[in-house]
Amino acid sequence: IRHCGKPALMEEKKHSSSDTDSWEEDEFVENELTQLKNRFVGSFYNFYRNVPQVPQFSGDPIWFLGKCYVMTIQERRSVTMDATGQFPHSRRFLDDVYKDLLWLTYRRDFAEIVEWECTNDIGWGCMHRTGQMLLARALAMVHGLSNFGEKKRKRSGAVGQYALLNWFLDQPSSNSPYSIHNIVKECHAIYGKPRKLTYGGEWIGPTKMAKIIESLVNRHSKSNLAVYVPHDGTLYLDKVMSLCCSSACANIAPANESKVEPTPLSTDGPITINVCGVPSEKKTEANPELGTPQRRRKTRAAPIEQDWKPLLIIVPARLGLAQSNPIYFPHIKSLLSLSYCVGIMGGRPNESLYFMGYQGDKLTYLDPHFVQPAVKTTAKKVDPSIFDTYKCSTPNYIDLNNVDPCLGVGILCKTKNEYWDFIATHKDFELTGHPTIFSTGEISPDYYMKPRRGPAHSRSLSEG
């Protein structure tokens, strides 16, 4: 029996082996054709949109996430430009953008997104990339990372540059919790599968992206970050305290936070103008007993407190119907002038952009609409050149009147004092009379509570 069965078994194995080889060959050809198609589509898309070019900035001050770039008196006298036609202060601005921001763009030839069977995000992933840039900026500030690509000695137990970048690599892995694969997966879990796909994927808005970031980050313990997305454009103190504070910290009642009065200006001593255009005394201190600021204007970075978890606030807003209402422009520029701001998810109609500063009435931005090959790395020692495709030397600007009315503002409060400083700055801006895109409150309303279900709830309704 063994002898009779052996030839048949060998023939079966031979037949099975040939089928496997044929299947592997077909899969190889299919992958090659997919990559060739992705390269062609990516090249055509980049050619259609033109290669990014550095715009010509004027001599006016440039604001970049809390930093202000101005020409010195000597530079104004000489008014010299470099070989690229940039002023000295705009060159400093471009250098800092290149060093300190991660530029996340369209990618091709990454692992297949199972939900949609696609290997690129061309035409539909711009808001996904814009949200990644805002989150990457927040995480970099929390973990003290800058000058990406430069060799630095990593602190014991700290998150390094490569670890941060790995969190955003385009792969369906738990090691990359903020990859486009996990963003798509989380979007389906929260909102369900879309009825219609755009260019093979789903285009989402700032509100959806903010909720996705909130869900992903709050599950990722290594981020050392909490995310709060207000539902109705109001920042509630009790929500903030529940996310960020320990029990001892949460018991500190903001007794005078809701009734902050402007400090009277004295005639003695230097007077400065804060970023909101409101005069304030140069030296003011916070009240350590109450934990609330009286008029603290300095926004220098402070060490992270043990009883406070760094908080990223993403406020979805709509500035108008068909176009943005100009009455909100002063508040937008004021927010981008704060060191707490980590950028704005916005754009022009049907195109998402990452806003990170302004000059005059123009917002500066990074554009994700540029196709690059996906980065694939599994080695422990990563080549520093990996950061070259995540750095942008060509930020651009757009007139405020052309900005889409839907956006999401990112505010990072690493410490409790920074949060109170931000609230005080917001109240100062309200004193100017300009409309704001969000408001503040102490206790969230009852409709935030989940309704009771079952017989008890039915009886209470009938009795009422």
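Modeller: This is a predicted model. Start at Gln-359. Its relative accessibility is 8%, and buried means under 20%, so Gln-359 counts as buried. Gln-359 belongs to strand 13, which covers residues 351–359. Set aside the neighbours within four places in sequence, and Gln-359 is in contact with Phe-57, Ser-58, Gly-59, Asp-60, Pro-61, Ile-62 and His-89.

Now the nonpolar cores. In soluble globular proteins, nonpolar side chains tend to be buried together. The largest nonpolar core here has 99 residues. Within it, Leu-164, Leu-312 and Phe-422 touch the most other members. Helix 4 (residues 126–142) gives this core its largest share, 10 residues. Beyond its neighbours within four places in sequence, Leu-164 is in contact with Leu-102, Ala-136, Leu-139, Ala-140, Leu-145, Phe-148 and Val-159. Another core lies apart from the largest one. This other core has 8 residues, including Trp-116, Cys-118, Trp-124 and Val-184.

An open sheet of 3 strands runs in the order 4-3-15, with mixed pairing. Strand 4 and strand 15 are the edge strands, each pairing on one side only. Strand 3 (residues 107–113) is mostly covered, with 5 of its 7 residues buried. Strand 3 and strand 15 (residues 372–373) run parallel and are joined by 2 bridges. Strand 3 and strand 4 (residues 118–120) run antiparallel, again with 2 bridges. Arg-108 takes part on both sides: its bridge partner is Pro-373 in strand 15, and Asn-120 in strand 4. The hairpin of strand 3 and strand 4 has 4 residues between the strands. In that hairpin, Glu-117 takes a positive phi near 55°.

Last, a helix pair. Two packed helices are described by the angle between their axes and the distance between the axes. Helix 6 (residues 180–191) and helix 7 (residues 206–219) pack at about 105°, with their axes 10 Å apart. Angles of 65 to 115 degrees count as roughly perpendicular, so helix 6 and helix 7 are roughly perpendicular to each other. From helix 6, the contact uses Asn-182, Ile-183, Glu-186, Cys-187, Ile-190 and Tyr-191. From helix 7, it uses Thr-207, Lys-208, Met-209, Lys-211, Ile-212, Ser-215, Leu-216 and Arg-219. By class, the contact of helix 6 with helix 7 holds 7 nonpolar, 3 polar and 4 charged residues.

Technical notes:
Residues are numbered from 1 along each chain as its sequence is written. This is a predicted model: local features need pLDDT of at least 70, side-chain atom pairs count only at pLDDT 80 or more; totals for chains, interfaces and linings use all residues. Side-chain values use heavy atoms; hydrogens and water are left out. Axes are lines fitted to C-alpha atoms, for helices over the stretch in contact, and angles run from 0 to 180 degrees between N-to-C directions. Angles under 35 degrees count as roughly parallel, over 145 as roughly antiparallel, 65 to 115 as roughly perpendicular and the rest as oblique. Contact means heavy atoms within 4.5 Å. Ala, Val, Leu, Ile, Met, Phe, Trp, Tyr, Cys and Pro count as nonpolar, Asp, Glu, Lys and Arg as charged, and the others, Gly among them, as polar. A nonpolar core is a set of buried Ala, Val, Leu, Ile, Met, Phe, Trp, Tyr and Cys residues joined through side-chain atoms within 4.5 Å. Buried means under 20% relative accessible area, exposed over 50%, partly exposed in between (1.4 Å probe, protein chains only). Two strands pair if DSSP finds at least two bridges between them.
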